Amino acid sequence: MTTTGTTIRTGATRGAAAPAPCWSCHAPVAAADLFCAGCRAVQPPGGADHFTRLGFEPGFALDAADLDRRYFALQRQLHPDRFVTKSARERAISQSQASSLNEAYETLKNPLERAVYLLKRMGIEIDPGDGVTIKDPALLMEAMEMREALSEAADTAAVAKVAANAEAERKKALEAVAAAFATLNHDATRTTVLRLKYLTKMDDEIRARRAALRTVP
Amino acid sequence: MTLLQLHEPGETPLPHEGEQTAAIGIDLGTTNTVVAIADQGKPEVIRGEKGGALIPSVVAYAPGGRVEVGETARRRLLDAPETVVSSIKRLMGRGARDLKELSGSLPYDLAPDDGGMVRLTVSGKRLSPVEISADILRAAKARAEASLGRAVERAVITVPAYFDDAARTATRDAARLAGLDVLRLVNEPTAAALAYGLDKGVEGLYAVYDLGGGTFDISLLRLEKGVFQVLATGGDAALGGDDFDHAIAERFLEQRRAAGKLAAPASADAKMILMTARLAKECLTEKSDGTWSVELGGAVSRHALDVAALEKLIQPFVARTIAISAGVFDDAAVDPKSIQGVVLVGGSTRVPAVRRAVEQFFGMKPLSNINPDEVVALGAALQAEALTRGSDNLLLDVTPLSLGIETMGGIVEKVIERNTPIPVAKAQEFTTYQDGQAAMAIHVVQGERETVDQCRSLARFELRGIPPMVAGAARVRVTFTVDADGLLTVAAREGSTGVEQRVEVKPSYGLAEDEMARMLRESIEHGRADMERRLLIEARVEAKRSLLALDAALKKDRLLLDAAEYAAIEAEIGRVNAAMSGEDRDAINGAVQALERAVTPFAQRRMDKAFAEALSGRSLDSVAERMEAGAKKKAS
């Protein structure tokens with residue numbers, strides 16, 4: 001299935017959801033259709049999941065270039081810039097369509113967010129916010145060591161070394177997440193995603209550290 | 001119109017010029033404003049009578065109420081600086097605390113502060129930056145209308161990518177006051193990329209380095225087959241060429257003080273010194289040194305400045321732009337030296353030290369083959385055409401700053417992170433912290449810092465009517481919506497009861513609704529002059545159309561007139577032309593009506609002739625066909 005050119009249908013995986021009447025002309029509109037076939041009016045976004053919205057089967061493996069292609073093709077049809085001369089109602093619907101599409105794109109584009117979203121669909125919440133500690137002692141050890149190395153890095157070169165190490169680890173973690181999703185092993189998935197989450201956070205800290213070094217004259 | 005126009009089959013009728021209102025692009029800059037229009041994907045700057053592209057963003061308010069904009073206003077700086085306002089963009093959506101002083105003086109006279117948006121006192125009037133910007137936009141609109149010969153009501157207006165919600169709202173309000181329907185607020189770097197992208201058909205990663213008079217923006221874009229996707233953006237809404245001028249002016253003042261001449265300048269003096277400083281800066285982009293004289297309170301001082309000294313003065317500002325750029329590229333995890341190209345935008349990129357710094361940071365020669373003063377307006381014009389006439393291009397922009405809510409202890413909880421593609425809608429749940437808490441104060445802030453006092457306060461509102469519950473039991477869902485113009489709306493809803501409150505964020509530094517209403521009323525009074533002007537333009541357009549139609553008819557059928565009749569029509573044409581060069585709309589309309597009366601017999605004869613030709617001269621088949629077609633039409 002492609003979403004290039006003037007295709008106006010998103011994924012066909014939404015199943016046999018009942019058609020709803022078009023808000024404009026009341027003709028029946030299939031749940032996956034973005035536009036009414038009769039009057040061409042844009043339809044509200046509905047509650048499709050992020051994968052379906054972009055025409056993918058749910059899964060961790062995803063071709064980034066393919067994601068971009070589908071996203072651009074859909075935004076070409078739905079972005080508010082296409083509706084500037086249309087009615088206020090159509091402009092509002094276009095805005096909510098484009099917003100839903102942006103949310104789906106942002107979630108799928110980022111491997112960590114994609115993984116967390118997939119887990120959530122499987123009923124696994126992975127949000128070690130306040131009060132939830134990391135139980136994996138190896139990960140804890142690694143976290144402490146990296147933090148220490150970062151806090152000791154006094155110049156950009158030293159920070160770059162920590163960053164290179166973190167980046168290499170992050171790549172490995174990504175592969176581990178992909179493998180875990182492929183084997184459908186929930187425990188392994190959970191553990192590997194947690195590690196990826198931690199390494200992504202480390203990335204932010206490295207960035208902040210670099211920014212701090214930049215502002216010192 | 002009694003003049004009948006007969007067209008050959010297949011011949012296109014004259015276009016109705018007056019029917020379609022044009023959509024223009026406006027780059028509302030700190031120092032200069034530029035207007036452009038695009039036709040079939042080809043943008044063009046609309047020039048003034050003297051051929052210049054730039055309208056200085058300077059407004060003079062004469063004591064009698066007369067408002068002048070542009071070059072004439074800038075000349076007033078010499079004889080009546082107290083009536084002149086410049087660089088007003090720096091005050092858009094800002095409070096008095098945000099302003100920068102020059103040796104203890106501001107180049108503005110501030111009206112008493114009421115805590116909201118800054119007000120200036122000019123020639124006895126109390127004016128907001130929104131009203132002053134509206135005067136600049138009116139001038140831009142008038143230039144476009146005079147040049148195009150038709151009414152202009154719709155525009156794409158550009159704003160710095162780093163403009164916050166308050167400044168964007170202020171810009172949109174100014175356009176409304178000027179009688180312009182804003183099709184879209186487009187970020188300046190994105191507009192510049194559009195002008196470059198369409199021009200060159202480029203693909204890949206590009207940076208836009210935009211250093212204007214008062215604002216700095218750096219954006220990283222991905223260009224691909226008509227898609228302009230902004231990946232990351234950053235900047236400083238109060239960093240630009242004006243800061244260079246300030247630094248030079250401070251140096252001049254310091255030298256005067258050292259020479260024992262007049263210490264603290266009055267605000268009119270501050271304007272004069274800043275103007276001299278600007279001249280010095282501009283001069284030193286080409287020459288290596290010079291001497292400038294400053295006269296204040298009758299005391300003249302002379303100041304020498306060379307390029308090396310200038311570069312030392314502006315170095316901190318240039319360094320800051322590079323540090324911000326480094327942050328943006330770090331955010332996006334892109335090596336600045338790996339991109340395809342960097343585009344220079346904004347007049348301040350003419351300063352050689354700026355170019356050198358950019359070249360060094362990116363490791364490549366920046367692109368500047370489109371005039372950096374005009375490129376943003378050209379892009380805006382392209383987008384205005386794309387929005388009104390359709391286009392295959394797609395602009396995908398992002399929020400420049402994170403948006404969040406104040407939580408316990410003055411900590412900011414981010415709801416929308418910076419560099420999120422827009423439009424976007426995101427919700428977050430909050431809860432009460434006291435038993436039986438019936439209301440919740442919602443404080444919306446914008447910025448990257450963790451604590452509220454370091455972010456910009458956008459709005460405060462209260463969600464009331466929360467039913468009594470223990471602390472932490474209520475579920476308040478706060479939804480942030482940012483539209484394609486980058487404007488924010490916030491709604492809050494309590495889950496168990498469905499109590500809902502929706503507010504369009506009224507920036508703390510924005511205009512209150514009743515103020516906006518008063519200004520709109522006043523602008524209708526101004527608007528009367530605008531309306532007169534528009535009617536005059538329409539009268540001219542209509543007259544021109546009549547003359548063109550008559551000219552075409554005369555070319556074909558002049559022989560239907562005898563010499564006396566022809567002379568009479570010529571005389572009427574002369575009168576219409578004379579009226580058109582005047583300013584009297586009624587005279588133009590009167591002359592056109594007289595012309596129409598004079599040509600009525602001619603028009604009648606042309607009708608008769610056309611019928612005669614149709615029946616005799618042309619092929620009989622075609623006549624038969626037409627009659628048949630007519631019969632069919634009647635039957636159906």
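**Close-up 1. Helix 5 of chain B packs against helix 7 of chain B through the residues listed here.** In this predicted model, the helix 5 side of the contact is made by Asp243(B), Phe244(B), Ala247(B), Ile248(B) and Arg251(B). Across from them, helix 7 of chain B brings in Leu310(B), Leu313(B), Ile314(B) and Phe317(B). Sort the residues of this contact by type and you get seven nonpolar, two charged and no polar.

**Close-up 2. Here's how helix 5 and helix 7 of chain B cross.** Helix 5 covers residues 241-258 of chain B and helix 7 covers residues 307-331. Their axes come within 9 Å and cross at roughly 135°. An angle like that makes helix 5 of chain B oblique to helix 7 of chain B. As for handedness, the crossing of these two chain B helices is right-handed.

**Close-up 3. This is where chain A touches chain B.** On the chain A side, 19 residues are in contact with 20 residues of chain B. Which of them gives the most? That's helix 3 of chain A, with six residues.

**Close-up 4. Chain A is assigned two domains, shown here.** Domain 1 of chain A takes in residues 20-109, and domain 2 takes in 137-215. Taken over C-alpha atoms, the centres of domain 1 and domain 2 of chain A are separated by 35 Å.

Notes. Residues numbered from 1 in each chain as written. Chains lettered and ligands numbered in written order. Predicted model: local features only at pLDDT ≥ 70, side-chain atom pairs only at ≥ 80, totals over all residues. Contact = placed C-beta atoms within 7 Å. Helix = DSSP H or I, 4+ residues; strand = E, 2+ residues; numbered from the N terminus. Domains from an automatic or database assignment. Axes fitted to C-alpha atoms, helices over the stretch in contact; angles between N-to-C directions. Parallel < 35°, antiparallel > 145°, perpendicular 65-115°, else oblique. Left-handed = near helix turned anticlockwise from the far one by under 90°. Nonpolar A, V, L, I, M, F, W, Y, C, P; charged D, E, K, R; others polar.
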